[in-house]
Amino acid sequence: MGADVKTVLCVVGARPNFMKIGPVIAALKAAGLAAPLVHTGQHYDEGMNDRFFRDLGLPQPEINLDVGSGSHAQQTGEIMRRFEPVLDRIDPDAVLVVGDVNSTIACALVAVKKGIRVVHVEAGLRSFDRAMPEEINRVLTDQISDLLFTTERHAEANLRREGIDPARIVFVGNVMIDTLRANLERAVPAARTLAGSGAGSGAGSGVAAAGYVLVTLHRPSNVDDPVVLARLVGCLEAMAAETPVVCPLHPRTRARLNEAGLIGRLRGPGFAVMEPVGYLEMLGLMQGARLVVTDSGGLQEETTALGIPCLTVRENTERPITVDEGSNTVVGTDAAVVMAAYRDVLASGGKAGRIPELWDGRAGQRIAHVLAERL
Ligand code: UD1
């Protein structure tokens, strides 16, 4: 490698990072930059990690910090401790972090204190809810980033309000949608995922391969509070009595359902509850869904890109473009409101929306272009 080749050290840690980094690494390499990958090990299971690397054809990380699970302080601190010597060894021109997970802030903080430029992909999103761990990660990462790439125009206004120099902000579009568009043709048909899921009694047999409600829940605010969790389970039961409910379960959610003694209520007819699915299975499940009910940020964006109605069971969203222009509606967790919104989508077909500006499959290339120029 010539001495003039710039190195952008790319970081991933948790599931939602994996679908963001692929297009960035590919475009950086195509632009003649070196783009080694560090995995913090925040997510590590076959179903939460390995499978995504295979599905997305991601390069194997040069380094895995193997931090695993823990409290926020433990996890963040351990990532920082283990990432520092990696920077000493590789001495990159920049560290590129994506999204808003603990790995994002931990690695950005180590880099900035060593005088290495920090690049944040998916900057400026704000839920304005500081009880959300990701919101803290977003605000702090943006404050210490040298270059901030945004997915939607609201983000730049948020960053300016927080005093970020506009010269550091570049609106490039959404790298997660680069990945979605590149993989649509490889989506695994829902019928195959449902047949092979081995989920509870309703799976495969009782649940048709189209026209179901696809549900994902994993936010601490929804699943760690047994009262909210029980309320949402009640909603899912009411939906399943009318429309099949397909629900891949995040490990956090499965653990909380078990602790609260609620898991049995998702085993009745009309339910297909399964282990987390891979990226290509999830694409297929979204395509076959009549409606997606979720608290995931990624699914809000992916359903908007696919034009599939989405109900977000949270009080807010950091991705307002999915509501203003896309197919998303924020409904909160009040059972009557959730069920009214669900019935409305079933009756009306729900919002189709339109594709937001620059969600065109070329965000990774725009990022690489800017980095090749500015580093
Ligand atoms: C993390 C992110 C969240 C993201 C989510 C996607 C933070 C603060 N949160 O939350 O923004 O939406 O990932 O999944 O970074 N576990 C496993 N196997 C794994 C990983 C986790 O079983 O491979 C279990 C562990 O019991 C762990 C729990 O899931 O304690 C939660 O994992 P953690 O990474 O702490 O947070 P997530 O809820 O996954």
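A backbone N or O atom of Asn102 lies 2.8 Å from an oxygen atom of the ligand, a polar contact being a pair of N or O atoms within 3.5 Å. The model is predicted, with local features requiring pLDDT of at least 70 and side-chain atom pairs counting only at pLDDT 80 or more, whereas totals for chains, interfaces and linings use all residues. Residues are numbered from 1 along each chain as its sequence is written, and side-chain values use heavy atoms, with hydrogens and water left out.

In total, 17 residues surround the ligand (a heavy atom within 4 Å), and the closest are Gln42, Asp45, Glu134, His218 and Arg252. By residue class, the shell comprises five nonpolar, eight polar and four charged residues, with Asp, Glu, Lys and Arg counted as charged and Gly among the polar. Because domain 1 (8-173 + 359-374) and domain 2 (188-348) both contribute residues to this shell, the ligand lies between them, the domain bounds coming from an automatic or database assignment.

Terms used:
A polar contact is a pair of N or O atoms within 3.5 Å; within protein, one must be able to donate a hydrogen and the other to accept it, and residues adjacent in sequence count only if both atoms are side-chain atoms.
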